[in-house]
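Visitor: Hi! I'm new to reading protein structures. Could you walk me through this one?

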Amino acid sequence: PFDMVFIDAVKDQCFDYLQAVWPKLASHAVILTDNMLTHADELASFIAHLRQHPELRSCGVPVGNGLEVSVRISGSGRG
C-alpha cells in the first residue's frame, strides 16, 4: 500500500488519479494535491470532493502554490 501520494498533474484528471490510487492507499495514507491556490478554479470541485469524502480529513496549506493535505482516516488499504 502507498503511504503517500502526490497529485500534481492535469487538473481535470485529478478525480481519475485519485480513483486509480484509492485501492492502493494504506490506512492513514496522506494525499497531497499541489497548486490548490494557483489553480483554485480548476481544482474547486476536486478539493470539495476531498473535503467532503467520508474517509478523508482534508485542509489547505497556503505554502508556495498551495497544498491540499488529505489524510485517510479509515480503510484497510486494499479495496
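Guide: Happy to, and let's begin with a word we'll need: a residue is buried if its relative accessible area is under 20%, exposed if over 50%, and partly exposed in between. Arg 72, for example, has a relative accessible area of 5%, so Arg 72 is buried. Keep in mind that this is a predicted model.

Visitor: Got it. What is the order of the strands in the sheet?

Guide: The sheet is an open one of 4 strands, in the order β1-β2-β4-β3, and the pairing is mixed. At its edges are β1 (2-7) and β3 (56-61), each of which pairs on one side only. From one strand to the next, the twist averages 15°.

Visitor: What does pairing involve, in general?

Guide: Strands of a sheet pair through backbone hydrogen bonds, and they can be parallel or antiparallel.

Visitor: How many bridges join β3 to β4?

Guide: There are 6 bridges between β3 and β4 (residues 67-72), and these two strands run antiparallel. Arg 57 stands opposite Val 71 of β4, and Gly 60 has Glu 68 as its bridge partner there.

Visitor: And how many join β2 to β4?

Guide: 5 bridges, again with the strands running antiparallel. Thr 33 has Glu 68 in β4 as its bridge partner.

Visitor: What about the hairpin of β3 and β4, how many residues are between the strands?

Guide: 5 residues, and in this hairpin Gly 64 takes a positive phi near 60°.

Visitor: Which side chains of β4 point to the buried face?

Guide: Glu 68, Ser 70 and Arg 72 do.

Visitor: Let's switch to helices. Which residues of α1 are buried?

Guide: In α1 (residues 14-21), Cys 14, Leu 18 and Val 21 are buried. Looking down the axis of α1, you'd find these buried residues within an arc of 75°, so they line one face of the helix.

Visitor: Why do residues three or four places apart point the same way in an α-helix?

Guide: Because an α-helix has 3.6 residues a turn.

Visitor: Nice. What covers the buried residues of α1?

Guide: The cover includes β1, β2 (25-34) and α2 (40-52).

Visitor: Which residues in the largest nonpolar core touch the most other members?

Guide: That core has 15 residues, and those touching the most other members are Ile 7, Leu 18, Trp 22, Leu 25, Ile 31, Phe 46 and Leu 50. At least two residues of the core come from each of β1, α1, β2 and α2, and α2 gives the most, with 4 residues. As background, nonpolar side chains tend to be buried together in soluble globular proteins.

Visitor: I see Leu 50 in that list. What does Leu 50 touch?

Guide: Leaving out residues up to four places away in sequence, Leu 50 touches Leu 18, Thr 33, Leu 56, Ser 58, Glu 68 and Ser 70.

Visitor: Now charges! How many salt bridges are there in the whole structure?

Guide: A search of the whole structure finds 3 salt bridges. In one of them, the side chains of Arg 51 and Glu 68 meet at 2.8 Å, N to O. Arg 51 is in helix α2 and Glu 68 in strand β4, so this pair ties together parts that are 17 residues apart in sequence.

Visitor: Which residue forms a salt bridge with Asp 8?

Guide: Lys 11 does, and the closest N and O atoms are 3.5 Å apart. Asp 8 is partly exposed at 41% relative accessibility, whereas Lys 11 counts as buried at 11%.

Visitor: Where is Asp 8, by the way?

Guide: In the loop between β1 and α1. Not counting residues up to four places away in sequence, Asp 8 touches Asp 34 and Asn 35.

Terms used. Residues numbered from 1 in each chain as written. Predicted model: local features only at pLDDT ≥ 70, side-chain atom pairs only at ≥ 80, totals over all residues. Heavy atoms only, no water. Pairing = 2+ DSSP bridges. Axes fitted to C-alpha atoms, helices over the stretch in contact; angles between N-to-C directions. Buried < 20%, exposed > 50% of the residue type's maximum accessible area, 1.4 Å probe, protein only. Arc of directions from axis to C-beta. Contact = heavy atoms within 4.5 Å. Core = buried A, V, L, I, M, F, W, Y, C linked by side-chain atoms within 4.5 Å. Salt bridge = Lys/Arg side-chain N within 4 Å of Asp/Glu carboxyl O.
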